[in-house]
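Open the model in your viewer and keep the selection tool at hand. This tour goes stop by stop, saying what to pick and what is there.

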Amino acid sequence: MDNILIKAEKINKIYRLPAEEIKAVQDLDLQIRSGEFIAIMGPSGSGKTTLLDILGCLDSISNGRLEVLGKDVSRLKEHSLVALRRKNIGFVFQDFLLIPTLTALENVELPLLFSRMPCERERSISLLKKLGLAQRINHLPKEMSGGERQRVAIARALVTNPKILFADEPTGNLDTKSGEQIFRILKELNQKENLTVVLTTHNSKFGSQAKRIVYLKDGRIVCREDSCLYA
Amino acid sequence: MKIISVAFKNLQRKKIRSFLTIGGVTIAVAVLVSLMGFDAGYQRALTGDIDKMGYQVLVTAKGCPYEAATMMLKGGGGMRYMEQAVYDKIVKDPRIDKITPQLVVAQFDKNRQNGLGGFVLYMGIDDSYLKLKPWVKFKSGGWFSGADSDEAVIGCETADREKRVPGNQVFIPKLNKALKVVGIFERTGTQDDGTVFLPLRSAQRIFDFPYKLTGIGIKLKDISSLLSFEEALYNEPGIQVISMAQVKGTIFNLISSAKVMTNSIAIIAILIAVIGVVNTILMSVFERTKEIGVMKAVGASRLDIFRIIWLETTLICVMGGFFGDIFAILGAQAVEYILRHILPYAPGGKLVLITPELLVGSFIGAIIMGLIAGVYPAFRASSMRPVEAIRLGD
């Protein structure tokens, strides 16, 4: 089972508030293999984003065991988690979250800067071109449409050659046409480059096109299914 | 792309805020440089004034030593007089190399300073005066024709102000007395430049101080004999012996008290600037919570975030330090002009002395200030947990 990238066993995430405990993720078991395209679906507040943050090592678990690329992340120190994220994980967020003072190209180069990797400008430019942003390379985020911004965010997530791409509602803030374009890009990345993609979505049309769908309710997986619609 | 360009672009986000913060540091550095330049310049100018007196010891009528110091430097009213017999008695002392008697009289002239009025200093001297000050040269004209002539040699500032050349006359107000200008001294950078000199005997006669002196300037053959010289005059009634070293010490004691105040002002200015910088960067950090979270999500370590914020603070202070130095240099003339008008006594020479060492020192100080001011905001930013920063940053 060498191709298992993420293995979650009975993981829980509990937020302890003064008045109550909120169980965002409960006794969740999940394995993600290399090359998978997984859609995490469920109603608002079901724990989709929390689960994505946990699987992407942005957030910690309260208990259980989580292995990412063979490493027990609950035992890792912060700098090791940072190194793990840098090399292996890419993130795309619902509201793009580009740095507004940096151009599209500079936003894409940002992870390289933090990774102490040589600033491969050519790679950043070719990624932007591949995503149809050749004319937007030196534009600031405010000068771009939502769909363009999200494509810059995808380029930023891909620039370090990650093994897994996490996308949290990547089409949530986009119009239908731009949303379809973004989803198509993610699907192509999975199909052509064998990139493992894990996304959360409310959109059943997009979700149904994933290889595997995980339904969440109240922090628990209530249904797992392999999609037959994935082409 | 480099970390510094990320930091620099962040500063451009709120241009007015960054501009005002840099302005605060600029003002603080400019104040610091000007005050320290004034401290150094004033001290140097004063030392120059005292050293250019040409004598190491002054014998005056007994009184307050501060008053005596002021009299030597500035003249002014309320002077004390001693008998010329003192001079006749000590002139033969073998320890003396050079000696000159002086009668200083200050007269109020209501027409001076554009009608505001001011004191004109008259000094009765004899030819021994030039022996004590061999560097004093004539710009034009020459020495008095006689020891009791109604003539004057004037300092170059007086000549410029009154527009006098040899052959013209200067008038002593109140006494309605005219003196013929026979010579003009070259600029010395001391109070001599603004003084009207006349023969000692003429001064005693005109101002009605027969056989009186205000001071006797003395240069000893060997300064180590000062103590024994002082002791010899100790029992002489009505006089006191003041060494230039004492005068310097007295004046510098007064200056050091003022220095404490000026340094306090500089420190307060710097503290205000530091608080301004910390406040600005903290606000900026809180506004960018989400961005900081994203940077961490895409691979930034604590140290990366710390460096970005720290660099922003340092950039503000570097720019403030640079512009502060420029402003201090450009403003030095104006500061000098103002100080000369408000100070009761301003020595000759540059009052505000801005040296390369001072400029470099203040610039480095500004950088250190930035490094210190940046620690807390940078720590706050670097301590943010990525998921909380992203999700709660709205």
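Predicted model: local features only at pLDDT ≥ 70, side-chain atom pairs only at ≥ 80, totals over all residues.

**Stop 1**

Select β1, β2, β4 and β5 of chain A. They form an open sheet of 4 strands in the order β2-β1-β4-β5, with antiparallel pairing. Which strands are at the edges? Look at β2 (21-33) and β5 (71-72) of chain A, each of which pairs on one side only.

**Stop 2: a helix pair in chain A**

Select α3 (104-114) of chain A and α5 (residues 146-158) of chain A. The two pack at an angle of about 30°, with their axes 7 Å apart. α3(A) is therefore roughly parallel to α5(A). The crossing is right-handed.

Show side chains where the helices meet:

- From α3(A): A:Ala104, A:Asn107, A:Val108, A:Leu110 and A:Pro111.
- From α5(A): A:Val152, A:Ala155 and A:Arg156.

By class, the residues of this contact divide into 6 nonpolar, 1 polar and 1 charged.

**Stop 3: where chain A meets chain B**

Keep α3(A) on screen and bring in chain B. Here 21 residues of chain A are in contact with 18 residues of chain B. Colour α2 (78-88) and α3 (104-114) of chain A: each supplies at least two residues of the side that touches chain B. Which element of chain A gives the most to that side? α3(A) does, with 6 residues. Colour the chain A side by class, and you have 11 nonpolar, 3 polar and 7 charged residues.

**Stop 4: the domains of chain B**

Colour chain B by its domain assignment: domain 1 is 3-48 + 256-392, and domain 2 is 63-237. How many Å separate the centres of domain 1 and domain 2 of chain B? Taken over C-alpha atoms, the separation is 49 Å.

**Stop 5: helices around α11 of chain B**

Select α11 (residues 302-342) of chain B, then α9 (residues 244-287) of chain B. Their axes come within 11 Å and cross at roughly 140°. This crossing is right-handed.

Pick out the contact residues on both helices:

- From α9(B): B:Val277, B:Ile281 and B:Val285.
- From α11(B): B:Ile309, B:Glu312, B:Thr313, B:Ile316 and B:Cys317.

Class by class, that contact has 6 nonpolar, 1 polar and 1 charged residues.

The contact of α2(B) with α11(B) has 16 nonpolar, 9 polar and 1 charged residues.

**Stop 6: strands of chain B**

Move to β3 (residues 96-109) and β4 (residues 118-125) of chain B. They pair in the antiparallel sense over 7 bridges. Click B:Gln107, and across from this residue stands B:Val120 in β4(B).

End on B:Tyr122, whose bridge partner in β9(B) is B:Val196.

Methods. Residues numbered from 1 in each chain as written. Chains lettered and ligands numbered in written order. Contact = placed C-beta atoms within 7 Å. Nonpolar A, V, L, I, M, F, W, Y, C, P; charged D, E, K, R; others polar. Domains from an automatic or database assignment. Axes fitted to C-alpha atoms, helices over the stretch in contact; angles between N-to-C directions. Parallel < 35°, antiparallel > 145°, perpendicular 65-115°, else oblique. Left-handed = near helix turned anticlockwise from the far one by under 90°. Pairing = 2+ DSSP bridges.
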